[in-house]
Structures are given as structure tokens and as C-alpha cells.
Amino acid sequence: MQKSLNIDPGKCTGCLQCEMACSLENEGVFNTSKSRIKVFTFHEEGKFVPYTCTQCDEAWCMHACPVDAIVVNSVTGSKDVIADLCVGCKVCTIACPFGTVNYNADSGKVVKCDLCGGDPQCVSACPTNAITYVDANATGLDKMRQWAEKTDNTVGG
Amino acid sequence: MIYVVLGSGPAGVVATEQLRKLDPLAHITMIGSEPEPPYSRMAIPYFLTSKIDESGTYLRKQAKHFADRNIDVVQQRATSIDTENNRVITDDGRVYRYDKLLIATGASPVVPPVPGIDSPGVHNCWTLEDAREIVKLAKPGASVVLMGAGFIGCIILESLALRDVNLTVVEMENRMVPRMMNDVSGNMIKSWCEQKGVSVHTSTRAESIEQIGGGKLRVSLSTGESVDADLVISATGVAPNLGFAADSGLRTDQGIVVNDYLQTSDADIYAAGDVCQGKDFNTGEYSVQAIQPTAVEHAKVAATNMVRGHRTEHVGNVNMNVLDTIGLVSASFGMWMGVPGGESSELVNEKEHKYLNLQFKDDVLVGASSLGLTQHVGVLRGLIQSKTRLGLWKDRLKKDPMRIMEAYLACSQSQVSAALA
């Protein structure tokens with residue numbers, strides 16, 4: 001059974017432990033600006049919402065890549081950037097309708113969530129279970145994917 | 001079935017793969033005119049800076065990629081289409097019969113009407129072969145004149161700057177990247193380039209190029225000045241490769257005219273990519289977008305319709321671009337220039353070269369342009385293409401356009417809107 005990140009914004013306290021864990025795992029430093037998961041702040045409502053790649057089936061980023069540098073991970077189903085092949089053209093960053101593939105000027109490559117290869121560190125770090133890693137069918141993933149479908153260019157087929 | 005695909009750029013390659021996926025037994029031939037494995041022009045700037053070697057530009061990395069999929073790859077130029085007998089004729093006189101044909105022959109640089117443009121030392125920057133010539137001539141300390149500060153001109157600026165050449169840019173319009181950036185942001189890119197030591201002449205045209213001996217060229221400008229150069233790069237725009245299609249009787253306008261299934265005026269022929277005048281998502285009109293994501297989507301839709309019949313409608317692509325000009329990243333989406341009766345929101349930070357401009361019609365985002373932003377820009381495309389109603393978030397975005405991700409989360413994710421309620 002494929003698993004995916006489930007996000008329950010009602011449980012998020014905005015502590016940014018997920019961003020710290022992501023940055024440490026992927027960049028080797030505690031630097032929230034380098035995190036692939038981001039906690040968005042809603043001042044007016046006093047709420048926080050963590051958000052990252054939904055590993056959508058449409059994989060806009062993967063199809064837009066001109067040099068075949070984004071591939072499906074056959075174990076987790078995540079769409080992974082192969083850094084050695086990425087030239088840093090950024091086409092994927094405008095193609096992704098979720099805004100979850102981003103350019104890292106330091107490396108000259110793009111970065112995105114790869115589910116840490118199946119052991120997402122944001123989940124381990126979250127103290128309130130706002131982020132969990134569960135069977136894909138049990139998550140709000142389908143709701144998130146509706147967004148992808150709304151953005152889909154084709155009807156039928 | 002016999003499918004022939006003309007062109008081996010992104011549209012041609014994706015189309016052959018989609019044809020194979022949907023029709024495992026078909027005979028598929030891809031005919032491309034360049035003597036290289038299929039490669040991406042998008043990657044050429046990174047080849048110029050030596051970030052990648054030539055193989056890094058290849059669209060598919062496995063040498064046997066096409067053979068493994070039983071796709072025949074032919075390196076010849078198609079010269080004509082015999083639409084009555086469903087045959088393509090190539091330069092070497094060979095004939096390829098088809099049941100369905102896809103034309104994905106892309107675009108070529110336009111030659112500006114400047115005396116001396118055919119002199120040795122004047123090059124386009126379009127093909128891998130062009131790039132090899134530029135690498136030879138753009139040595140450290142060389143003087144280089146770049147004609148045109150559009151998308152292609154700007155994206156190779158960085159490659160040239162990193163090669164430590166003395167660079168002069170000449171652009172006819174009043175700003176850089178005029179088809180992607182407005183006056184404010186286009187001139188912010190100009191000031192950025194000038195800070196990096198590039199000489200930028202806007203509202204200026206090159207009037208003539210003459211050979212002055214020693215391999216040097218003298219470029220005379222409309223301002224009365226002249227610049228001596230070791231290399232002149234002509235990047236004044238591209239135009240669809242459709243001459244042979246028109247000669248074959250297909251309907252053409254800016255590009256090859258297609259219907260909403262990407263079928264041309266000949267029932268057995270489809271078109272995709274830079275040569276195709278496909279539907280624009282925002283305007284509903286048909287235009288040549290000449291961008292990678294559109295080429296790939298055209299290819300998938302066209303190939304699907306070629307195999308399955310007309311069950312997949314092409315609903316139009318959002319025109320969008322992303323560009324890196326010596327480290328300053330810019331992006332534009334949809335109706336970035338605004339629409340009649342629309343509203344806009346703008347953030348300008350000239351000092352840090354940051355800019356964000358949002359364009360609304362009613363409470364829907366219809367266009368955007370940005371400078372200096374690298375995080376979450378794709379959501380601008382998502383908001384435009386999903387026609388998400390922004391409600392009270394429109395006013396919030398008019399106050400602070402940087403809150404695009406929050407607007408998207410609040411307006412499109414039901415779990416989020418529930419949590420915020």
C-alpha cells in the first residue's frame with residue numbers, strides 16, 4: 001500500500017520542528033529556509049498550515065523537465081529530483097501548480113520533497129501529529145489531488 | 001498503424017513515447033534534422049557555462065532509449081509532405097509512408113535585416129552546433145555583442161558573463177525581455193545586468209556589421225556609437241519552421257493552424273510544439289507559445305488523439321516562462337500584462353531586485369510576473385489555471401501580493417479552509 005503525508009492543519013502549533021528536521025535531513029543544517037516542507041502562517045485566523053509536495057499523479061514537474069532529471073521512486077511513489085542531471089533551468093518550478101518544487105540558488109538545482117525515501121523526518125519531528133505518514137487512501141490526498149485535476153489540461157482521454 | 005513524427009525536440013520525443021504507450025504494435029518513426037541525439041535547447045546555457053557536457057543536454061539519457069521502445073530515429077530533414085498519398089520525403093530522397101503524421105518541427109532563429117548579418121563571427125545561439133561555435137569564440141577577454149535581450153538573449157547572458165567576456169547587449173525595445181516583463185521589471189533586469197558589468201543599450205538597434213580585419217567585427221548602433229567585437233550573437237527571436245508544411249497545402253498562420261484536437265487542416269496530420277498555433281488558456285485564441293511545457297502537453301494530447309480518435313480535447317495552455325539572467329530569476333504567467341477592467345497588485349523592491357505583480361479579473365488571478373522570487377512561484381500557474389475564486393483573499397493579496405501560498409491554501413484546500421473557519 002502506498003503511503004503519503006497527511007496534514008491536519010488544526011493540530012499544527014507553528015513550532016517549525018518539521019522544517020528543522022527536513023533541513024537537517026536534506027541539507028545537513030538546521031535552517032528553516034532550506035526546508036522542503038513549509039509552515040504557512042495565517043495571522044488573521046491565528047493558524048498554521050504545513051504544506052509540501054503531494055507526489056501528485058500528474059507529476060507536472062516530471063513531465064516539464066527537459067533533461068529527464070525527475071523520476072518516480074518505485075518504492076515510495078515520490079517524484080525525485082536527480083541532482084546530477086538537473087541543470088537548474090527551473091521549468092518545473094513554474095509547471096508545478098502547487099508551488100512545491102523550488103530553486104536552490106546555492107546548489108543551482110531544484111529541490112522538492114522525496115518523502116526522505118520512505119521515512120519522512122517531518123513526521124518524526126512533529127510533536128502534535130499534525131503531519132502523519134499513512135496509507136494513501138486514508139488521507140486527504142484525494143482532496144489535494146482535485147487541485148491537480150482542476151489544473152489538468154486535458155478533458156477525458 | 002504507421003506513425004511518423006517530424007522533429008526530435010521535446011514535442012517529438014514525448015509524442016513518440018505516448019504513441020508507443022498507447023499503441024504497442026505500431027510502427028513509429030521520428031525524423032529529426034540535426035546530427036545529434038535528441039537534446040534540449042533549454043539546457044544549452046548550462047552547456048555554455050560547462051555546468052554540463054553535451055550529453056547533459058540530451059532529452060533521454062539512455063543511449064538505447066528509443067531502440068528499447070522500438071522507435072526508429074532518422075537524422076534527415078523532411079523536405080515535403082505528399083498529403084494525397086500520406087508520404088513524407090526527406091533530404092536524401094527517402095520516402096516514409098504514414099497513417100498519421102505529427103509535425104513537431106519547432107522554430108528557427110529569425111535573421112534580422114541588418115547588413116553584414118551573414119559575416120563570419122556572427123552566430124545564433126539555438127543549436128548545439130551554434131553553442132560549440134560560441135564556446136570557441138567567447139574566450140575570456142573577448143568582446144561580444146549580443147543582439148536581442150529577449151528570453152534567449154537573457155538566458156545566455158549569464159553563460160557569457162561567466163566566460164569573462166566584455167559584453168554589450170543591444171535591444172530594440174525600451175526594456176529587457178519585453179514579451180515577459182513590463183516596464184518596471186524589465187528595467188530592473190537592465191539595472192541588474194549593468195551592476196554586473198554588462199553594457200545594455202535598450203531602444204537601440206544594430207544598423208550594420210562590418211568586418212574590420214583580424215577577425216574583428218564592428219557593430220554600428222542606431223545611437224551613432226559603434227562596438228568592436230570578436231563575436232556577435234544574433235538572438236532577435238525565433239519563428240516556426242512551417243515553410244514545407246505550407247508548401248504541402250496545410251493551413252498556416254503564425255504557426256500551423258490546428259483544431260481543439262491539435263489536428264491540422266489535413267485529417268491525418270497533427271501538429272505540436274513551437275510550430276503549432278494552439279489554443280491559449282487565458283485568451284481562448286490560437287497562438288504560437290513556443291515554450292517547453294506547452295510543447296510537451298501538445299505532444300501528449302496530439303499523440304493520444306492520433307491513436308484513440310478525438311476523445312482528448314486540448315483546452316489551452318497558460319503561457320508562462322522562467323528565466324535566469326545572471327542569477328536574477330524572473331517568471332511570467334498568463335495575462336501578466338493585465339486585462340481590460342481588471343485589477344492589479346504590485347510589490348516593488350528596486351534595491352533588492354525583487355518584484356511581484358498580480359493581475360486579477362473579478363476575484364480570479366489571470367496573470368502574474370515576478371523577479372527575484374524562487375519559492376512557490378508555480379502556485380501562480382495553479383491559481384490561474386484552476387480559476388480559483390479568491391474571495392476575501394483578493395483584497396489581502398492587493399495589500400500583500402507575497403501571500404500567494406496562503407491564498408492558495410485557504411481558497412483551494414478544504415482541510416485548510418475548514419481549519420481556518
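Domain bounds here come from an automatic or database domain assignment. With that in mind, let's walk through this predicted model, starting with chain B.

The assignment divides chain B into domain 1 (2–108 + 238–308), domain 2 (122–234) and domain 3 (327–420). The centres of domain 1 of chain B and domain 2 of chain B, taken over C-alpha atoms, are 31 Å apart. Where they meet, twelve residues of domain 1 of chain B are in contact with twelve residues of domain 2 of chain B. On the domain 1 side, helix α2 (residues 44–48) of chain B gives the most, with four residues. By class, that side has five nonpolar, three polar and four charged residues.

Further along chain B comes an open sheet of five strands, in the order β23-β24-β27-β26-β25 and with antiparallel pairing. Its edge strands are β23 (320–325) and β25 (343–349) of chain B, each pairing on one side only. From one strand to the next, the twist averages 10°. Helix α9 (residues 378–385) of chain B packs on this sheet and touches β23, β24 (328–334) and β27 (364–371) of chain B. The direction of α9 makes about 160° with that of β27(B).

| Strand pair | Bridges |
|---|---|
| β25(B) and β26(B) (residues 354–361) | seven bridges |
| β1(A) and β8(A) (residues 131–135) | five bridges |

In the chain B pair, Asn349(B) has Lys354(B) in β26(B) as its bridge partner. In the chain A pair, Asn6(A) stands opposite Thr132(A) in β8(A).

Notes. Residues are numbered from 1 along each chain as its sequence is written. Chains are lettered from A and ligands numbered from 1 in the order in which they are written. This is a predicted model: local features need pLDDT of at least 70, side-chain atom pairs count only at pLDDT 80 or more; totals for chains, interfaces and linings use all residues. Two strands pair if DSSP finds at least two bridges between them. Helices (H or I, at least four residues) and strands (E, at least two) are DSSP runs, numbered from the N terminus. Axes are lines fitted to C-alpha atoms, for helices over the stretch in contact, and angles run from 0 to 180 degrees between N-to-C directions. Two residues are in contact if their C-beta atoms, placed from the backbone, lie within 7 Å. Ala, Val, Leu, Ile, Met, Phe, Trp, Tyr, Cys and Pro count as nonpolar, Asp, Glu, Lys and Arg as charged, and the others, Gly among them, as polar.
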